Each structure stands twice: as C-alpha cells, then as structure tokens.
Amino acid sequence: RDGTAYRNTKIAITFKEAISEKSLIADTNGDGVYGNTSTADLANTKVFKLVKTATLKVNGNDFSKLSDSDLTAASVAYTTDKKIFVFKPTAYLGDATEAVSYTIYLTSELLKSDGNKAFSGAFSSGYQWTFQVDPKVDNTPPKLENIIPSKGSTARNTLVQMNFSESLDPTSAAGDATTSGGFQNILMKTGGSIIAGSYKISNSYKTIEFVTTDLCGTNSCGGSVYCLPASATIAGLVKAAQIGTDAPQASGFPYGGIVDLAGNSFDGNGDNKAVGPQSQSGKSAYAFVGGDATTQGDDVAWQFTTTDKIDLTPPKLSKVYPSLSAENVGINTNIQMTFSKVMSASSLNNSNLAITHDVPSPYELWYSVNTESLDSSDQVTAAGVEPTKTMAVVKHGSFAPSIAGGTQYNFYPSANS
C-alpha cells in the first residue's frame, strides 16, 4: 500500500483469516479447480479489481463504471492456509518510460472460507489502495542475509528464522512439511529425516520461520512452545528454483525452489547470478557458514545442534521511538520498538502491535509492521552476521495533525504480551 513496485512484480495480499478461493478466483477453464496452476486461473473481477488510477479517475472514481477491458487481468495462486493470495498480471504493469499509478479494490463480495463476508464495519463496502509502478523490471535475484541459528548450539525451542534481501513469492516459500512430504522448497532434517512443521512467511514476505509440530511446553505468557529434537544435529537446506531460458527468471509453477515476487530464482551463494538448484547447475549446496561461491551453487545448506534445554526467558521491550509522551512528532514518523532478544517476526503483526488514538471518526489509521535484525549495539546486522535483537518498525498512514492552540490528538502504540 502506497509503495512502489517494478513492472514485473506480483501482488501479494495477506488476510487475517482464511479466504474462499472460489470468491477471489474465476474457474477460467471450467475444470472445477480454483487457482489451477497449469491453466493459470484468473482473478474474479467482481471481487478483485486492478486498474490504472488514471483510468479510474476518468470514470469519476466509480468502479461500477469500469468494464473488464479497463481492468488488468491477473492469474492467482495461494498458500495452503488460504490466507495469502498472489496475483500475477498477465502482462507487465506500467510503462517503460514513466511511473504509473494503480489502484486495487477488493469489493464487498469477498468471502471468508466459512462463507461469511470478509469485510464489515468501516470497511463493509470493501477496501482499496494505490501503489506506483516504476518504469523498471526487476532482474535481481533474492539473497539470504542471515539465519538464526546458523551454527553452534541452541535451546531446542529456538525458531529457525531466515531473513532474505527482498520480498519472496509466498507460494514458493511457505507451507507445511510432514515427515513424508508436503512443502519441500526448504527442509529441516535430523539424522536424514524431515522434521515436521510449518514454514511461515512475514515481514513483508522477507522472513521465513520454521515452527515444528512438537508441542513441548508453555511460555510465561501462556503461549504454546514448540521444539526441535533435543540434543540433535539439525541440518537446513534452502533450494533454488529451476531457471528458465530467461535467467534469472524461474520456470514452471508451482516452483521447486525459492523465488522473489518478480519470479527471479534464489541466489544462494550471493554472487549476483541465479543458476538454479544443484540438479541444474551441477554445483553442491553453498555452505552458509564458510562457503565458497566460486565452487558452490545456489542451494544453501547449514547446520547447528540443539541442547535438551528450553529457553523460557521472556524478551523485554528495551527501547521505543518516539519516546514516551513525545510531543510534536511528525505525522509520518515511523514507530520503532526494539526488543532485547531476537523475536519471531510472524508474531510482530497487526494483532500484537497496535496504534490506538483519540481522533474522532471518520478518521481511520492504517498501519503495518516490518522488522529489522539488529546486533548487540542496536545496529542493523550486516549480511551473514547472526542477529541478537529485533526491532519492529510500524509504518502507518498520516497521523491526524493537532490543531495549533486547540485540540491535541494523542496516539498510543502498544505491544501485547
């Protein structure tokens, strides 16, 4: 929302609850499968409308006056939990010479998986936003910046966290793994066997976290704690996707490895080239710790060990910005919350971090949460360095300005335990 994108970027939308794929996707080929990956089912234009903002303005900003020919068609895929939907325009967005603004409208006909309306209250008529498309194409493959843990020994309830250089296509990077199959683009193994769990994507699709299915305790806030195998060697593998004829673009769908939102395959060894998985490049996986990019390929491997201990020491909020009771804060100033430990990025979301206010309606404030990995000096970690802290960055719409000599509006950021 209100951001910029490359011409070949897909559009990813995350919902708090599972969405009915039948309401958001048209069964284009009539085979009864919605989101068919072989025939590229298109978005249902009664629910999802993607249009140039200039075209919308010509029609009086009235979506009901638009025909399907005014809209940009897009194929649709989604994650297995039906909470993330990815839209791939059938042609490049925008223009090769100038920036172009687009507007997306999700109409009131969008349904949740249980058949109820997705929107209610202030958004009962639907939800729309704009973004700008730059006159450029993204040909930069994504890289892996850091892994937690990447080496050494750790408590067995440590989440495995992977932070990437840019937003990934969630359909390539998130899913559920079982001991016998399921999601395979990232693998966590012990003794050669797959560890069952979920790969969750967050932080504007730049962070992947692996959470096992082994419920092993309860934390100080009453939440469930999940564990890796105790006193074990854990091996991780992130796979690159098969490269097509137009490198670094990946071929095929569903992807057999990690790609970014522009479809570029994973550059695991960080040499600014994407050569595909070991089966294509003939190169062994790049060792994240101590690897050699001249001889190793774009799959990434690492390992660490676990103890038989469970870490139940709660994190603390060590720093906030703006400071407590700060005055004259800029209306577009981002809110920063620094925690004393590395945090689960997927837990730093709109449900657990919030901004309330005393501005009267009809004022509405949107906000979203990203994270930054920090070192012990509260500096953003360099690539390859294992972080020790996390900073949540809350981006938002403009704060309502206070009236000089009159009403002073207050905003109250909060973090739930």
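**Strand pairing, aromatic contacts and a disulfide**

Strand β25 and strand β26 (residues 389-396) pair in the antiparallel sense, and eight bridges connect them. The model in which this pairing is found is a predicted one. Within the pairing of these strands, T371 stands opposite A392, the latter residue belonging to β26. Both strands belong to an open sheet of four strands, arranged in the order β22-β23-β26-β25 and paired in the antiparallel sense. The edges of this sheet are formed by β22 (317-321) and by β25, each of which pairs on one side only. From one strand to the next, the twist averages 20°. In general, the strands of a sheet pair through backbone hydrogen bonds, and the pairing may be either parallel or antiparallel.

A search of the whole structure finds twelve aromatic pairs, among them the pair formed by F15 and F85, which is edge-to-face, with 6.1 Å centre to centre and 80° between the planes. This pair links distant parts of the chain, since F15 is placed in the loop between β2 (11-14) and α1 (21-24), whereas F85 is placed in strand β5 (residues 84-89), 70 residues apart. Both F15 and F85 are buried. A further edge-to-face pair is formed by Y363 and F411, with 6.4 Å centre to centre and 70° between the planes. Because Y363 lies in the loop between β24 (353-357) and β25 (367-374), while F411 lies in strand β27 (residues 411-415), this pair ties together parts of the chain that are 48 residues apart in sequence. Y363 has a relative accessible area of 18% and therefore counts as buried, the cut-off for that class being under 20%.

The link of C216 and C227 is right-handed, with 70° about the S-S bond. As C216 lies in strand β17 (residues 215-218) and C227 in the loop between β18 (224-226) and β19 (233-238), the pair ties together parts that are eleven residues apart in sequence. The two cysteines fall into separate accessibility classes: C216 is partly exposed, with a relative accessible area of 22%, whereas C227, at 1% relative accessibility, counts as buried.

Notes: Residues numbered from 1 in each chain as written. Predicted model: local features only at pLDDT ≥ 70, side-chain atom pairs only at ≥ 80, totals over all residues. Heavy atoms only, no water. Disulfide = S-S within 2.5 Å. Helix = DSSP H or I, 4+ residues; strand = E, 2+ residues; numbered from the N terminus. Buried < 20%, exposed > 50% of the residue type's maximum accessible area, 1.4 Å probe, protein only. Phe/Tyr/Trp six-rings, centres within 6.5 Å; stacked < 30°, edge-to-face > 60°. Pairing = 2+ DSSP bridges. Axes fitted to C-alpha atoms, helices over the stretch in contact; angles between N-to-C directions.
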